[in-house]
Amino acid sequence: MTEIELGAIEAERDRIRSAYLRPGGVSSARGLHHTALLCADVERTVKFYQDVLGFPLTEMVGNRDYEGSTHFFFDIGNGNLLAFFDFPGLDLGPYAEVLGGLHHMAISVEPERWGQLKESLTAHGVEFQEESGTSIYFRDPDGARIELISDPLGEMYGLKVL
């Protein structure tokens with residue numbers, strides 16, 4: 001990008017920031033109940049999220065929207081869940097990042113646990129990229145990009161975002 005294009009982007013960002021930023025505002029929501037992703041193989045997903053990342057599987061139920069599909073949940077701490085669906089018989093194709101789709105999901109972990117998870121990823125042959133000494137980016141078995149971040153909730157790389 002040219003300096004002129006970057007300047008225009010920054011000016012637009014500043015305009016939006018001044019018009020809409022509401023630090024300390026009160027949200028109408030009480031938290032994220034769960035995020036639901038798709039998977040091709042339930043057992044492979046369970047083994048990855050529970051055995052590699054240490055997120056306990058908490059429940060498995062039938063998907064009310066598609067006969068034969070499983071809706072299952074992992075505890076990711078602080079009352080939050082990560083959920084998955086499989087859709088047996090449907091050819092959903094490989095994971096793809098698309099406009100309006102998931103870019104990545106950042107999951108907060110304690111700094112001590114972050115180091116242990118980094119070792120677990122290495123031991124299980126999961127390729128990852130470390131950034132800023134607090135973030136690890138990798139892909140799950142279906143290709144979804146996951147970040148493990150050791151910064152406190154509400155902070156990112158020393159910046160208060162909440």
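In which strand is the place of Thr70? In this predicted model, Thr70 lies in strand β3, which covers residues 70–75.

The chain contains 3 helices and 10 strands. Read from the N terminus, its elements follow the order α-β-α-β-β-β-β-α-β-β-β-β-β. The C-alpha trace spans about 50 × 35 × 35 Å along its principal axes. Of the 162 residues in the chain, 29% are buried. Among contacts with a separation of 6 or more, 46% are made by residues 24 or more positions apart. The accessible surface of the chain amounts to about 11000 Å², and carbon and sulfur atoms contribute 55% of this area.

The largest nonpolar core comprises 26 residues, and Tyr49, Leu53, Phe138 and Leu148 have the most contacts inside it. At least two residues of this core are supplied by each of the helices α2 (42–52) and α3 (111–123), and likewise by each of the strands β1 (34–39), β3, β4 (81–86), β5 (105–108), β7 (135–139) and β8 (145–149). Helix α2 provides the largest share of the core, with 5 residues. When neighbours within four places in sequence are set aside, Phe138 is in contact with Phe48, Leu53, Leu121, Val126, Glu127, Phe128, Ala144, Arg145, Ile146 and Leu148. Two of these partners, Leu53 and Leu148, are themselves listed with Phe138 among the core residues that have the most contacts.

Thr70 has a relative accessible area of 18% and is therefore classed as buried, the cut-off for this class being under 20%. Beyond its neighbours within four places in sequence, Thr70 is in contact with Val42, Met60, Val61, Asn63, Phe84, Phe85 and Asp86.

Met156 counts as partly exposed because its relative accessibility is 39%, a value in between the limits of 20% for buried and 50% for exposed residues.

Conventions
Residues numbered from 1 in each chain as written. Predicted model: local features only at pLDDT ≥ 70, side-chain atom pairs only at ≥ 80, totals over all residues. Heavy atoms only, no water. Helix = DSSP H or I, 4+ residues; strand = E, 2+ residues; numbered from the N terminus. Buried < 20%, exposed > 50% of the residue type's maximum accessible area, 1.4 Å probe, protein only. Contact = heavy atoms within 4.5 Å. Core = buried A, V, L, I, M, F, W, Y, C linked by side-chain atoms within 4.5 Å. Areas by Shrake-Rupley, 256 points an atom, 1.4 Å probe, with all protein chains shown as cover.
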